[in-house]
Amino acid sequence: MANMLHLSSIRAAFFVGTIMYALAFSFVTVSGRPATFVQDFRVTWSDSHIRQIDGGTAIQLTLDRNSGCGFASKNQYLFGSFSVKIKLIPGDSAGTVTAFYMNSDTNYVRDELDFEFLGNRSGQPTTVQTNVYVNGKGSREQRINLWFDPSIGFHTYTIRWTRENIIYYVDDVPIRVFKNNEAIGIPYPKRQPMGIFSTLWDADDWATRGGLEKIDWSKAPFYTYYKDFDVDGCVVPGPAACAFNPNNWWEGPNYRGLTPLEARKYHWVRANHMIYDYCTDRSRFPVAPPECLAGI
Ligand SMILES: *[C@@H]1O[C@H](CO)[C@@H](O)[C@H](O)[C@H]1NC(C)=O
């Protein structure tokens, strides 16, 4: 039943609820509502390093010598689409990591879907590392170098998580697909709800050129900006319908995989911008992990 959907939309989060916005997005079928950071998120690490701006509709994260910081959603979700616009640290950001991820917060059986933005020296490309943890097991890193400077403007980063696949998008380009291949014995995250998390921290022991490039603290403080959180997911605890309801948009036939146009973009990014794939790293995996052979 449609009224069992329990959709949570914070589509308008971090965005002033102006008439213009309502008009522009009035075609959205779920209940979009204007919201501020404090309505949907909480600070998990260092209050003093997270600042609300633009009337609470956007936030600034700070990393300095004293601390990084982090925040998380108040809700947990089971499936949905989770996206945010981020403007990363300009100039020399080597050694810093900004992360945007989903996490079940369940220790040794945790499920986790990661976007990690690894800073770099001025003029060098920012790397996006993605990973997939299922039942506490990760080690599924892939890396691409971005084809634009992510500090000049906001770009949209999306994790779309359905029963059938997980797709990571940079703007409208799918950079990674993790398919549900349970039919051939590959674990897939679908039993545990996940929250949305983000952190900005000092990772110069590994992030940039494997830890060779250190943070230049004379350039601190470092700032990352977030706005327009857009979440269409099934809030948990919710109705049993969260587990399966054909009325949830993500169960629809259009979301079973990539569209032909998306598939072209996906192959383009992997052919031209991928710099690391655990699937082809024979020093770590003499035999490719089974999901690597299962295709998209
Ligand atoms: C940083 O830039 C170097 C040189 O262009 C590149 O090899 C590397 O992939 C970039 N990213 C990181 C995280 O080191």
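## Ligand shell

A residue is taken as near a molecule if its C-beta atom, placed from the backbone, lies within 6 Å of it. By that criterion the ligand is surrounded by Leu-118, Asn-120, Gln-124, Pro-125, Thr-127, Asn-145, Ala-207, Thr-208, Arg-209 and Ile-275.

This is a predicted model, in which local features need pLDDT of at least 70 and side-chain atom pairs count only at pLDDT 80 or more, while totals for chains, interfaces and linings use all residues. Residues are numbered from 1 along each chain as its sequence is written.

## Annotated positions

The unreviewed UniProt entry lists Glu-112 and Glu-116 under "active site"; such annotations may be inferred rather than shown by experiment. Glu-112 lies in strand β9, residues 112-118, and Glu-116 is found in strand β9 as well (strands are DSSP runs of E, at least two residues, numbered from the N terminus).

Glu-112 is buried because 20 other C-beta atoms lie within 10 Å, whereas Glu-116, with 19 such neighbours inside 10 Å, counts as partly exposed (buried means 20 or more other C-beta atoms within 10 Å, exposed 12 or fewer, and partly exposed in between, with C-beta atoms placed from the backbone). Leaving aside neighbours within four places in sequence, Glu-116 is in contact with Val-97, Ala-99 and Gln-129 (contact means C-beta atoms, placed from the backbone, within 7 Å).

Beyond its neighbours within four places in sequence, Met-102 is in contact with residues including Glu-112, Leu-113 and Ile-159.

Notes:
Helices (H or I, at least four residues) and strands (E, at least two) are DSSP runs, numbered from the N terminus. Two residues are in contact if their C-beta atoms, placed from the backbone, lie within 7 Å.
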